[in-house]
Amino acid sequence: MKPIREVGITGYGVYVPCYRLPGSEVDRVWKDGQGGSPIKEKAVPGPDEDTATMSVEAARNALMRAGLDPAALRAVWVGSESHPYAVKPTSTIVAEAIGAVPATQAADWEFACKAGTEAFQAAMGLVGSGMADYAMAIGMDTAQGRPGDALEYTAGAGGAAYIVGPAEDALAVIEGSFSYVTDTPDFFRRPGQRYPQHGSRFTGDPAYFKHVLAAAQELMEALGAGPEDFAAAVFHQPNPKFPERAARVLGFRPEQTRTGLLCPMVGNTYAGSSMLGLSAILDEAQPGDRVLLVSFGSGAGSDAVSMRITDRIEERRDRAPRTRVYVERRKEIDYGTYVRYRKKLHLH
Amino acid sequence: MRDVSIIGIGQTKVDEHWDRSLRHLAGDAVLMAMRDAGIETADALYVGNMLSGLLTGQEHLGALIADFVGLRGIEAVKVEAACGSGAAALRMAYGAVAGGLHDFAVVCGVEKMTDTVNAETTTGLVMAADADYESIHGVTFVSINALLMRRYMFEYGVKHEDFAEFTVNAHRNAAGNPNAMFRNKVTAEQFGRARMIADPINLLDSSAIGDGAAAVVICPSSIAREYGNGQAVRIRASSMATDAVAVHDRSDPLWLSAVEVSAHKAYQQAGVGPREIDLFEVHDAFTIMTALSLEASGFAERGKGAWLAKAGEITREGRIPICTMGGLKARGHPVGATGVYQVVEISQQLRGDAGANQLPDARLGMAQNIGGSGATVITHILEAHA
Amino acid sequence: MSSIPRHWRLQSQRYSMVGEVCNTCGAKLFPPRDVCPECSKPAYEPFQFSGNGRVYSYSTVYQAPTGYEEFVPYTVALVELDEGPLVTAQLTDMEQDEIEIGMPVEMVTRKLREEGEDGLIVYGYKFRKPLQQQPA
């Protein structure tokens, strides 16, 4: 899919909270230290943080890189599965805090871990149709894992904000995108439930791999490109194994995916996952590089986006703190503190 | 303007009065004061109180208490200035009597703080601060004073233990006051070891909540001799000043300018200076407040308030005795009542009724009551009648 | 004790630190107050503060008022903004031993409180140690 008007990313910004829960802590409490952990540690939001506050910081970073007056944004869209309100858009809070109000659209997006890239594609459409010059799409989450469940090791917090604008102002021009969606209930949550249900091994081949591989293959075929044509690729990262295997099957080499693979250090940031990984790539990409992003959201679907980096990346990327600054900023906490911060204790 | 005197005083013990409600406590103090004054009726009642609405669900205290004490029908009103409500009520009464509006006015400071749990009381107390720009950030009243104490220690090189004597002195004096809440002795060593509430303020830097009521009856000095068994105490000065409520709005957070203005006006009215004051019932809600009040009232140079305590100047034998009946720290701080307790205690000293704590030669006493962290300050100077 | 309109009115101060500048004497005012406390002249011109400042004083709260118990212990501070005014705010993402009077801090937008599990979430400014701009 490509809009009539060429569009691209004019600014990007991230946020990852500073607290880290080592996987070994979950293992200590639930498996007596005998089970191991798929990742080193995950990012945990502090008690005064939520998807709104994190989105505000990422959005401010994106505006700094873009050098854009927030009043020029015609949409602020936040994709998440942990919106602070069930009814009242996170997007309005973010839009108000960054000064994009009142002449803007705002709405919250939901498609599990691909809510952010869904918003991103809609932003491509809004700008590409000429309805707007600039639109912001944010993928951000403070995901919760059921205590003792496999997902508790990895359910992390963080994400990124992207400003989509005309190609003439972009640091990365979008070549095209493709979405592959089916009704596949691999992971879901009913209203009022605290924690999601997941299909265990069903979340692998019939869900993640089927959609990620199909979306990537169809997009590359439509662009007449192969894995060797890309400088870097980033996939949705619920754990390190899934994106590594997807990359291998598609023909990518580890050097191409290494920069964007952040989940060993911050966990699965859900709607922020692939978008956060992309920002780490943009922090180091060279003009002319081609980059592939493939997200995955349970339910299920994948969005694949291909882009080319322009000269503007060099003057813009250091206008805001790099992704690694956030990743390296860490305060280790123990399981008890984590349970307190994540409000798994009932105080009332 | 007529000269005004205090002809009757009354007070309850400060305590957790589980079996006395707010109106009962007020009644106890008012009836005691009226009996002491030898009057059976009055023209007006001024009730000083801060938190009756939030903590007991009751506002409209003027009419309520007037009726309860048998003064139904008279002019009555609640006066509120945070923890300065008591002295503010006296100031309003003083103005009415001095201005010729009334002859006999009763002033009652009352506070009932133990009907709610800790978090509710803490929430109530922080209403003395700026709701939109201080309280919303989760500051407590203690932590606002802690911010001042830490900065004070940083700027003047004063250590926490240098404040110990304020507390030691207060407790030593409370031991001789049957109405005080805490009559145990406290040592400097205990002061150093006490539990932190909001660092650097610990449990022994900080006055405690309690229930209590105190009352005075005032009338023109020209007729005072006929009442109160010839024990009238003359009000030589009454003054009030304000400052920004929020500490961050003040031009100099470590200088209580409302204390300076109020004290200065009081000295002028009385025609005296700090040297002539024989005792100072200071608003010792926190040891840092005592130090800052002593400085802005002219008893010590900037940064040297705590030094006065270390040098022993604040004891009953010292140059400027403070908290002679225990102060807010040990007699207790039922917030809206405190200002009236201070005036009652000075009256006891000036009349020779201070019992074990009697100062040998007290002729001029100064009471200073503060609302919030220094935003409202009311100073009274009292003199023993010739 | 929810008060939706009260919090809503204060959004531009809480989210973005918008204050005022006095056109007569140039003083920057936060919070905005309409009458300049320096020269007593009217002051209505909005002014956007940078959010940068230094710690003037701080204290850690161990006994919280209602609505803040879940955050205990937390540290409150007086922060001297670069443009002049002093503000009261919490410090966040910092351990006690990292805090020093005089250290630089920067503004971030965080949750100030929630009116219970079903009530309004109030967002506003807190301060943290400034982020490095470059990775180590």
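Which side chain meets that of Lys40(A) in a salt bridge? The partner is Glu41(A), at 3.5 Å from N to O; a salt bridge here is a side-chain nitrogen of Lys or Arg within 4 Å of a carboxyl oxygen of Asp or Glu. Welcome to a predicted model, in which local features need pLDDT of at least 70, side-chain atom pairs count only at pLDDT 80 or more, and totals for chains, interfaces and linings use all residues. Residues are numbered from 1 along each chain as its sequence is written, chains are lettered from A in the order in which they are written, and side-chain values use heavy atoms, leaving out hydrogens and water.

- Chain C has two helices and eight strands; helices (H or I, at least four residues) and strands (E, at least two) are DSSP runs, numbered from the N terminus.
- Along the sequence, the pattern reads α-α-β-β-β-β-β-β-β-β.
- Taken along the principal axes, the C-alpha atoms of chain C fill a box of roughly 45 × 40 × 30 Å.
- Of the 136 residues in chain C, 56% are buried; buried means under 20% relative accessible area, exposed means over 50%, and partly exposed is in between, with a 1.4 Å probe and protein chains only.
- Chain C exposes about 6000 Å², and carbon and sulfur atoms supply 48% of that area; accessible areas come from the Shrake-Rupley method with a 1.4 Å probe, and for residues only the protein chains shown count as cover.
- Take the contacts in chain C with a separation of 6 or more: residues 24 or more positions apart account for 49% of them. Contact means heavy atoms within 4.5 Å.

**Where chain C meets chain B**

- On this interface, 38 residues of chain C are in contact with 33 residues of chain B.
- The two chains bury about 3100 Å² between them, with 58% of it on carbon and sulfur atoms; buried area is the accessible area (1.4 Å probe) that two parts lose on being put together, summed over both.
- In chain C, Tyr56(C), Gln63(C) and Thr88(C) lose the most area to chain B, together 20% of what that side buries.
- Two salt bridges are counted between chain C and chain B. One pair is Arg6(C) with Asp132(B), whose closest N and O atoms are 2.7 Å apart.
- Strand 4 of chain C gives the most to the side that touches chain B, with six residues.
- That side of chain C divides into 23 nonpolar, ten polar and five charged residues. Ala, Val, Leu, Ile, Met, Phe, Trp, Tyr, Cys and Pro count as nonpolar, Asp, Glu, Lys and Arg as charged, and the others, Gly among them, as polar.

**Where chain A meets chain C**

- Here the contact takes 30 residues from chain A and 30 residues from chain C.
- About 2600 Å² is buried between chain A and chain C, and carbon and sulfur atoms give 47% of it.
- Eight salt bridges cross this interface, including Lys343(A) with Glu114(C), whose closest N and O atoms are 2.7 Å apart.
- The polar contacts between chain A and chain C come to 18 residue pairs, both residues at pLDDT 80 or more.
- Helix 2 of chain A gives the most to the side of chain A that touches chain C, with five residues.
- By class, that side of chain A has 15 nonpolar, one polar and 14 charged residues.

**A closer look at the salt bridges**

- Side chains of opposite charge can pair when their charged atoms come close.
- Over all chains, the count comes to 51 salt bridges.
- In the opening pair, Lys40(A) is exposed, with a relative accessible area of 53%, whereas Glu41(A) is buried at 3%.
- Asp48(A) pairs with Arg110(C), the closest N and O atoms being 3.2 Å apart. This pair crosses between chains, from the loop between strand 3 (41-44) and helix 2 of chain A to strand 7 of chain C.
- Asp48(A) counts as buried at 4% relative accessibility, and Arg110(C) counts as buried at 1%.
- Lys78(B) forms a salt bridge with Glu59(B), with the closest N and O atoms 3.0 Å apart. Lys78(B) lies in strand 3 of chain B and Glu59(B) in the loop between helix 2 and helix 3 of chain B, so the pair ties together parts that are 19 residues apart in sequence.
- Lys78(B) is partly exposed at 21% relative accessible area, and Glu59(B) is partly exposed at 44%.
- Salt bridges that share partners join Asp48(A), Glu49(A), Arg329(A), Asp93(C), Arg110(C) and Lys126(C) into one network.

Conventions. Polar contact = N/O pair within 3.5 Å; in protein donor to acceptor, adjacent residues only side chain to side chain.
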